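Please walk through this model by its helix packing, its sheets and a few individual residues.

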Amino acid sequence: MQATRLLTVLVALGLVLGSVPGGALASAAGAGDATDIDSADAAIEGIDESTVTAQTDDGNATDGNATSTTDGDANASDSDTSRATVGQQLATVIAVTDDEVSSDVEASSLDAALEDANESERAAILADRAAALRDRADGIVADQREARVAYEDGEIDRGEFAQRLAVLAGQARTVDREFDRLDDHADDVSGLELRAAGYDRSANADARQRLARVTGTGASALLAQYTGESAGEFSLAVDGGVSIEVEGDDGDRSREIEREQPGDGSFEVSQSEALTAATEQLSTDGDGEWTLRSTDRDEDDGYYEFEFTFFGPETTGEAEVSVDGQTGEAFEFEEELESRDPDDDGDEADETPLSISIVDGTAEPGATVTLRVTAAGEPVEGATVELGDRGVGATDADGRITVTLPDDDEVDIEAEDADREGELEITLGAGDDGDEADAEIRERLSVDGTVENGTVTVSVTYDSDGVDGVAVYVDDERVGTTDEDGTLSFDASGVDDELQVTLVKGAFEAALDFEVGADGGLVLDEVDVDDRDADDEADGSEDEADREDEEDDREDEEDDREDEEDDRDAPDLSVAVVSGELGPGATVTVEVTDADAEPVEGASVEVEGESVGATDADGRVEVTLPADADGADIDVEDGDREGQLEVEFETDSGDADEEVDDDEADGDDADDEEDDDEEDDE
């Protein structure tokens, strides 16, 4: 492992070698005898120290952190720019390379495990690996938020913050690649077995969507600079989110803004109003034009998403903007501009593309909307318009045409005027990955059988292969489990001309309706595929009485949960002191989070019944504790949600935590009675 670490250091040195000034190289080489090369951190430190005065920006020596046009303060204004130092580049390359090497090792182990496993085992292995990747993705997202808070609080400076963002972007990119590998493996495994094992493609997609906020254009551009792949300047700002601007020495530019989505998930602004808000975020460049390329309306989360491309004589680019459906505010923005390839075909490259936008109506299946076709901002008359492969007419003098959208999930709209062309992709409905997976299982699942002398024989296959271990239920009673050939025979003397069967394996469940033919053959009439909790499946070896007991217990637990939900209108809030020392008259910072550990903005806070303010975008507020007490009650409220924190101050007899533990040990009964009184009051 130490040899691998040393190799990683040498590779990293090679990657950033071209950006190390000659004097710094000589200095680093001279210092090599005094540096323990067995320690990667020591190697980094030695190189970084050697470049403190060699790495400059506009002639100014640096302080060892990212070079800056300012003095390197942690919260310098967003107009200030910085550069990555060689030491930071080396540290970043080592961190990212270590992560990639570990990923490759895990991938090799996964390949070996899958090679020796049967179909069910392979599905279980992939399900476990997917769950681990989702946990890692969530950890990376949490690390990014912690880094932002540390920068806001002045605990790290801008260079350190940028380096953390770069490393996290590299780690997120690695995890995303692992999801790709996982999907490739999953394509070779039975969809039924994957469902049974709990392999959740939808949850994987959600995790990758969260990771995308860590690997945006700005963070990716930072990663390129901090790994030595490119050189340039960057600026950072934090204001309820992260804003990154990067400009390379080659003229390429990247901008990114990531904030929490405002609004309540509803739609109160029209699509055209949202498009106007999105367009306002785009860079203004006199040598070209932004063209709308796709639009999406996310019904689940309540926001619009627009994608643009930029076309100019010397520059091309693309951008993506998310606009909240209720407030009309842009909360996510990515933009990337780069110099045109000089090898582009001149005639074709200079042709101004057509831009298609919706100026009236909302893009929904079957809706009637008005489109407008422009070129360089000017309306195009007579442009022919197609929806999918169907021509719908030509634009009028104002470049407009009214069309009726199809009853599909998405549609491609194309416009053409002589040699100029334009295209707009519109997502009309939220495609459900679960529905698609269910349809695929229905297509590949085959169940047939016979009824003869009161005995029913069923055969379950998937892609023509028998499926073993499937529990079969008739009238909610378990009648057996399929063997390795996917076959089961059971007594059913009361079967007439219809038979309803439920198949269960892990998280897979399918309800099947059969018609019994005159020859005793079972003809499948209807299949309903669904998900279930894999833990709900009774083990094949347990008897029917145990299964019914478990079902009764689950029903009781469900009733208890419903009773608990009736006792409260919404989930409680969590309250914690995140900075400051507890004591009489002390000023501390309190953080309020919801059930998902996300910060709650605007929650009202009271100390001993007196209002002290509301939480900021990070769910935080500073409060002053009472000076004449040995403790305090901190109450928070956000709409119907509430939370409370009881704190005790340090005394001569021990610290606050010990006093709380003693009180709880001596007064559990009293606490229970107090909780009962509070529930009665509610």
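**Helix packing**

Helix α4 (residues 86-115) packs against helix α9 (residues 217-226) with the axes 8 Å apart and at an angle of about 110 degrees. That makes α4 roughly perpendicular to α9. Angles of 65 to 115 degrees count as roughly perpendicular, under 35 as roughly parallel, over 145 as roughly antiparallel, and the rest as oblique. Axes here are lines fitted to C-alpha atoms, for helices over the stretch in contact, and angles run from 0 to 180 degrees between N-to-C directions. Helices (H or I, at least four residues) and strands (E, at least two) are DSSP runs, numbered from the N terminus.

This is a predicted model: local features need pLDDT of at least 70, side-chain atom pairs count only at pLDDT 80 or more, and totals for chains, interfaces and linings use all residues. Residues are numbered from 1 along each chain as its sequence is written, and side-chain values use heavy atoms, with hydrogens and water left out.

From α4, the residues Gln-88, Gln-89, Thr-92, Val-93 and Val-96 meet Leu-223, Gln-225 and Tyr-226 of α9; contact means heavy atoms within 4.5 Å. The residues of this contact between α4 and α9 divide into 4 nonpolar, 4 polar and no charged. In this division Ala, Val, Leu, Ile, Met, Phe, Trp, Tyr, Cys and Pro count as nonpolar, Asp, Glu, Lys and Arg as charged, and the others, Gly among them, as polar.

How much of α9 is buried? Of its 10 residues, 9 are buried, so α9 is largely enclosed by the rest of the structure. Buried means under 20% relative accessible area, exposed over 50%, and partly exposed in between (1.4 Å probe, protein chains only). The buried residues of α9 are Thr-217, Gly-218, Ala-219, Ala-221, Leu-222, Leu-223, Ala-224, Gln-225 and Tyr-226. They pack against α4, α6, β5, β6 (241-248), β7 (253-259) and β11 (330-339). Just after α9, Gly-228 takes a positive phi of about 80 degrees.

The residues of the contact of α5 with α6 divide into 16 nonpolar, 3 polar and 8 charged.

**Two buried strand residues**

Gly-232 lies in strand β5 (residues 232-238) and is buried, with a relative accessible area of 4%. Beyond its neighbours within four places in sequence, Gly-232 is in contact with Ser-82, Arg-83, Gln-225, Glu-247, Gly-248 and Asp-249. One of these, Glu-247, is 15 residues away in sequence and 5.7 Å away in space, C-alpha to C-alpha.

Ser-322 belongs to strand β10 (residues 315-324) and counts as buried at 1% relative accessibility. Leaving aside neighbours within four places in sequence, its contacts are Tyr-303, Tyr-304, Glu-305, Glu-329, Ala-330, Phe-331 and Glu-332.

An open sheet of 3 strands runs in the order β29-β30-β33, with antiparallel pairing. Its edge strands, β29 (574-579) and β33 (620-624), each pair on one side only. Neighbouring strands of this sheet are turned by 35 degrees against each other on average, direction ignored. Two strands pair if DSSP finds at least two bridges between them; 5 bridges join β30 (residues 587-593) to β33.

Strand β31 (residues 604-607) is joined to β32 by 4 bridges, and the two run antiparallel. Val-605 stands opposite Gly-613 in β32.

**Loop residues with positive phi**

The loop between β31 and β32 holds Glu-608, a residue other than glycine with a positive phi near 55 degrees. At 46% relative accessibility, Glu-608 counts as partly exposed. Asn-453, also not a glycine, has a positive phi of about 55 degrees and lies in the loop between β20 (445-452) and β21 (455-462). Is Asn-453 buried or exposed? At 76% relative accessibility, Asn-453 counts as exposed.
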